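The sequence and the structure come first.

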Amino acid sequence: MSFTSILNTLDGLPTIQEAVFSVEGYVTHLLKVTKSALNLDASPAIEKYSYIFAVTFFLLASSLLWSCCRPRKGQDSQVFGGQSQTPERLKVFAKWAQQQVEDSPPDAHRQILDDVIYTFATYAQRLDQDPSLEVRQAALTRMRVLAELLEVPRINAALRDVNWVWLRDWERKSLDSREARIRCMTVFPTICAAARAQQAARSSGFLRKNSGTASLSPQSLSYLAAWCADFLERTDVRASLGFSAERGLSTSSGVNFLSAGALYSDSEEEDDPSPGGRTGNGSESCVADEVSTSGGDYLDFSRQEHEGQVHTWSEPDATQALVRGPDYLVDHHKVPSKPAMLELVEVDLVKTNDEMVHYSISSRGKVPKLREAGDDRFFFVLNFRLVPIQLAVIWAWPKDADWKDSPEGRLLQKYIDMTPEQRSTRLKVLPKVTEGPWLVKKGVPDRPGVVGKKLKCDNFRGEDHLEVSINCISAAAGRRLVQLLTGAASLFSMELFLILEGQSRQELPERVLGGLAVHHGNLGKLRPR
């Protein structure tokens with residue numbers, strides 16, 4: 001490596017103020033360059049004098065950087081009033097930032113990433129506000145550099161992790177007020193602007209690969225921008241920043257997050273057309289990158305034994321769920337449900353790449369073990385397939401059931417005897433996020449939906465069981481919901497109620513068939529099976 005190449009490298013760096021976060025980091029960088037150029041690695045005797053050479057180069061490079069990186073009197077600088085970095089220098093800066101993130105521990109990522117994004121804030125503002133088309137085009141070119149950086153898998157994953165941890169700190173009110181304001185007023189809007197720059201590049205043909213509508217995969221910039229936009233719409237966020245509910249915060253992200261109602265039925269009570277368009281089809285392997293196992297440190301997903309215990313399940317209070325009342329077809333009035341008809345017996349949350357489509361008869365499932373233990377009751381099994389994650393819920397028909405001759409009892413027996421096509425119009429799922437980020441609560445609206453109308457369901461009717469096996473990634477809406485839930489699984493608790501839809505006066509009032517509560521399931525700790 002020649003001195004000329006060293007100087008060329010230095011000439012490509014941004015200004016010291018923007019690129020060098022610490023003298024120590026810069027000296028370390030120069031040390032590596034110096035030792036490589038002079039072949040010092042092979043000379044232990046000179047090793048102790050390495051830092052002297054590095055500091056010398058640092059002092060020389062400071063003046064060199066000032067002369068090379070100061071605004072030049074070209075058209076590019078004139079567009080921004082002589083205060084712009086060229087796209088080429090910003091690309092070098094982005095490469096440097098990527099290396100910093102990859103070489104730094106996770107607790108340093110927030111500071112690094114926020115500083116990098118803050119550097120592009122000026123261009124984001126001009127992209128939105130400047131009346132000059134020339135200025136906006138120049139800003140757009142620079143924002144694409146940030147968009148490309150935030151699409152790098154390692155950077156994208158690091159920023160997602162930073163955001164979820166930061167959200168937890170926001171909920172706990174443990175953030176520094178100044179830092180919180182900078183992130184909300186500068187960092188998050190800049191991320192949204194980068195997403196718009198990316199979309200503009202796609203529509204104009206600059207990005208020929210993966211062109212088209214941006215995907216809301218958790219590994220995409222669109223997801224990051226949607227996360228930021230949704231957070232900035234929170235009432236408490238607007239109030240904290242001094243904005244009224246009407247005024248709000250403008251991110252102009254142009255990105256629509258998971259629309260409420262995406263998985264819901266055509267029944268009158270659930271039909272709530274969602275605003276905005278759909279974005280992308282997602283990825284078939286939408287949870288694979290979200291599920292990683294660390295060093296064999298597995299946790300069993302078991303029944304909750306005491307309040308506050310995480311990575312557990314329990315049976316929720318079905319009377320908290322609202323169902324169609326006896327005169328619903330006339331007055332559309334809902335009433336609290338009676339206690340659940342079926343008893344929750346077992347829940348199996350497992351990581352597997354070989355999905356169990358018919359879970360009830362699989363030797364890897366828990367149903368055979370329950371039979372071996374002597375439980376001969378009729379089982380109703382709901383099998384959620386989210387490869388590589390699988391969630392199977394097992395309810396049992398009580399032997400002393402008091403509802404056999406009631407409307408709900410007759411409807412259940414009728415449902416069991418239906419064809420698979422008929423069943424697909426009856427089984428409703430009512431989700432409720434009981435604890436967790438506002439973003440997740442928005443993505444999972446608290447109202448029932450007929451699952452079979454949106455997702456592919458396989459029905460298996462045996463002598464001692466009925467299983468509904470749901471392919472959760474069989475439709476784009478399902479994939480987006482799975483991405484949302486798996487992206488924040490350990491941060492929220494959720495209740496799920498099953499209801500058979502009453503469609504005539506004789507089938508009302510409805511009643512919860514069975515319920516499940518999940519308490520902070522940790523997908524990264526699942527034992528492979």
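A residue is called buried when its relative accessible area is under 20%. The model is a predicted one. In helix H17, which spans residues 407-417, the buried residues are Glu408, Gly409, Leu411, Leu412, Tyr415 and Ile416. Viewed along the axis of H17, these buried residues fall within an arc of 160°, so they line one face of the helix. An α-helix has 3.6 residues a turn, so residues three or four places apart point the same way.

**Overall make-up**

The chain contains 20 helices and 13 strands. It has 529 residues, and 53% of them count as buried. Among contacts in the chain with a separation of 6 or more, 70% are between residues 24 or more positions apart.

In soluble globular proteins, nonpolar side chains tend to be buried together. The largest nonpolar core here has 53 residues, and the members that touch the most others are Phe120, Met143, Phe188, Ile191 and Phe231. Two or more residues each are supplied by helices H7 (87-103), H8 (109-119), H9 (121-129), H10 (133-150), H11 (153-171), H12 (177-204) and H13 (221-232). H12 gives the largest share, 10 residues. Another core, of 44 residues, lies apart from this one and includes Phe384, Trp395, Ile470 and Leu496.

Leu90 is placed in helix H7 and is buried, with a relative accessible area of 1%. Beyond its neighbours within four places in sequence, Leu90 is in contact with Gln85, Phe120, Tyr123, Arg142 and Val145. The C-alpha atom of Leu90 is 9.5 Å from that of Thr119, and the two residues are 29 residues apart along the chain.

All eight residues of strand E6 (residues 379-386) are buried, so the strand is largely enclosed by the rest of the structure. In a regular strand the side chains alternate between the two faces of the sheet. In E6, Phe379, Val381, Asn383 and Arg385 point one way, while Phe380, Leu382, Phe384 and Leu386 point the other way. Both sets are buried.

Strands of a sheet pair through backbone hydrogen bonds, either parallel or antiparallel. E6 pairs with strand E7 (residues 389-396) in the antiparallel sense over eight bridges, and a hairpin of two residues joins E6 to E7. Asn383 has Ala392 as its bridge partner in E7. With strand E11 (residues 465-471), E6 pairs in the parallel sense over seven bridges. There, Leu382 stands opposite Val468.

**A six-stranded sheet**

An open sheet of six strands has the order E1-E2-E13-E12-E8-E9, with mixed pairing. Its edge strands, E1 (302-303) and E9 (449-450), each pair on one side only. E9 pairs with strand E8 (residues 427-435) in the antiparallel sense over two bridges, and Lys428 has Val450 as its bridge partner in E9.

**Aromatic rings**

The structure holds 14 aromatic pairs. Two of them are set out below.

| Ring pair | Centre to centre | Angle between planes | Class |
|---|---|---|---|
| Trp164 and Trp227 | 5.8 Å | 85° | edge-to-face |
| Trp397 and Trp403 | 5.0 Å | 50° | tilted |

Trp164 counts as buried at 8% relative accessibility, and Trp227 counts as buried at 2%. Trp397 and Trp403 are both buried as well.

Ring pairs also join Trp164, Trp166, Trp170, Phe188, Trp227 and Phe231 into a cluster. One ring of this cluster, that of Trp166, has the charged end of Arg183 over it, 5.1 Å from the ring centre. Elsewhere, Arg371 lies over the face of Phe379, at 3.8 Å from the ring centre. Phe379 is one of the buried residues of E6.

How values were computed
Residues are numbered from 1 along each chain as its sequence is written. This is a predicted model: local features need pLDDT of at least 70, side-chain atom pairs count only at pLDDT 80 or more; totals for chains, interfaces and linings use all residues. Side-chain values use heavy atoms; hydrogens and water are left out. Buried means under 20% relative accessible area, exposed over 50%, partly exposed in between (1.4 Å probe, protein chains only). Helices (H or I, at least four residues) and strands (E, at least two) are DSSP runs, numbered from the N terminus. The arc is that of the directions from the helix axis to the C-beta atoms. A nonpolar core is a set of buried Ala, Val, Leu, Ile, Met, Phe, Trp, Tyr and Cys residues joined through side-chain atoms within 4.5 Å. Two strands pair if DSSP finds at least two bridges between them. Rings of Phe, Tyr and Trp (its six-membered ring) pair if their centres lie within 6.5 Å; planes under 30 degrees apart count as stacked, over 60 as edge-to-face and the rest as tilted. A charge sits over a ring if NZ of Lys or CZ of Arg is within 6 Å of the ring centre and within 35 degrees of the ring normal. Contact means heavy atoms within 4.5 Å.
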